[in-house]
Amino acid sequence: MTKEHQLESLDSEQVKLLEEECIVVNAEDEVIGHDSKRKCHLNENISQGLLHRAFSCFLFNSKGELLLQQRSMAKITFPGYFTNTCCSHPLYCPNELEKENFMGVKRAAQRKLFHELGIKAEQVPLDDFRFLTRIHYKAKSNETWGEHEIDYILFIQRDVEVDMQPNEVMSYRYVSKEELKEILDTADANNIVITPWFRLIAKSFLFKWWDILDSLQTQVDEHTIHRMFEDY
């Protein structure tokens, strides 16, 4: 199948988003250029080392429950998979390239929380996002599409109003720590699919941070990029 035919078979709204310009980085997260979302997510380019910047946002309510989403079946990578609150990438533009206080990725997270879940910017102020660390991972969605990202992990605790965008999100729910552990432990038996980055973050970091939402500043690691590679 040609690349043109591959795009013709995809959701038209998602195809438009493939023209967004991602921030291309090297393994040390230094900006070395930009390229389209489409090129950044093709396995043929990933296999040549193309790497882009991303974020994973974890939003907790005042009861300490985590907002999960199930990705729409229209999504090009990992459709129908359950994942953390919001996962996407900052764009190659001045507002989202800003490095000071990780403001660029925070702006991107605020933008995408509204785009995917209808959460208004005033409900998730930029100053309330807490950057914790970065992970570098790679994962195939299918034979054509995949992910290769340096992923900024952001936590925020706010009570919000959700109005999901069906083209982006199939379903959402809040879960306690115990409920999420059970979902992860029984996912295979229950035919539930979990995004690879969410599994990696949950396995290595999520639950220990969940216990200390009021003192996350003690966990901030601005310098380490955790290399987390599964079979690719």
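## Basis of the model

Residues are numbered from 1 along each chain as its sequence is written. In this predicted model, local features need pLDDT of at least 70 and side-chain atom pairs count only at pLDDT 80 or more, while totals for chains, interfaces and linings use all residues; side-chain values use heavy atoms, with hydrogens and water left out.

## Annotated domain

UniProt lists residues 50-200 as "domain: Nudix hydrolase" in an unreviewed entry. Positions from UniProt are given in the numbering used here, feature names are shortened, and annotations may be inferred rather than shown by experiment. Over residues 50-200 the chain is 23% helix and 33% strand, with the end C-alpha atoms 21 Å apart. Helices (H or I, at least four residues) and strands (E, at least two) are DSSP runs, numbered from the N terminus.

## Helix α6 and L117

Helix α6 has 15 residues and reaches 21 Å from its first C-alpha to its last, close to the 21 Å expected at 1.5 Å a residue; the expected span is 1.5 Å times one less than the number of residues. Eleven of the 15 residues in α6 are buried, among them M103, G104, V105 and L113. Here buried means under 20% relative accessible area, exposed over 50%, and partly exposed in between (1.4 Å probe, protein chains only).

L117 lies in α6, which spans residues 103-117, and counts as buried because its relative accessibility is 0%. Leaving aside neighbours within four places in sequence, L117 is in contact (heavy atoms within 4.5 Å) with L67, T85, K112, E161, V162, D163, M164 and V169. L67 is 50 residues from L117 along the chain, and their C-alpha atoms are separated by 10 Å. Just after α6, G118 takes a positive phi of about 70 degrees.

## Helix α7

In helix α7 (residues 177-186), the buried residues are K177, L180, I183 and L184. Seen down the axis of α7, these fall within an arc of 120 degrees, so they line one face of the helix; the arc is that of the directions from the helix axis to the C-beta atoms. The face of α7 turned away from the buried side carries the exposed residues E178, E182 and D185. Cover for the buried residues of α7 includes β4 (66-71), β9 (169-175) and α8 (196-210).

## Cysteines

A disulfide is a pair of cysteine sulfur atoms within 2.5 Å, and the count by this rule is zero. The sulfur of C22, a buried residue at 0% relative accessible area, is 4.4 Å from the closest cysteine sulfur, in C40, too far for a bond. C93 is partly exposed at 26%; the closest cysteine sulfur to its own is that of C22, 11 Å away and too far for a bond.

## Aromatic pairs

The whole structure holds 13 aromatic pairs. Rings of Phe, Tyr and Trp (its six-membered ring) pair if their centres lie within 6.5 Å; planes under 30 degrees apart count as stacked, over 60 as edge-to-face and the rest as tilted. The rings of F58 and F198 have centres 6.1 Å apart and planes at 50 degrees, so this pair is tilted. The pair links distant parts of the chain, with F58 in strand β3 (residues 52-60) and F198 in helix α8, 140 residues apart. F58 is buried at 0% relative accessible area, and F198 is buried at 1%.

F205 and W209 form a stacked pair, 4.9 Å centre to centre with 10 degrees between the planes. Both lie in helix α8, four residues apart, about one turn of the helix, and both F205 and W209 are buried. Ring pairs link F58, F60, F155, F198, F205, F207, W209 and W210 into a cluster.
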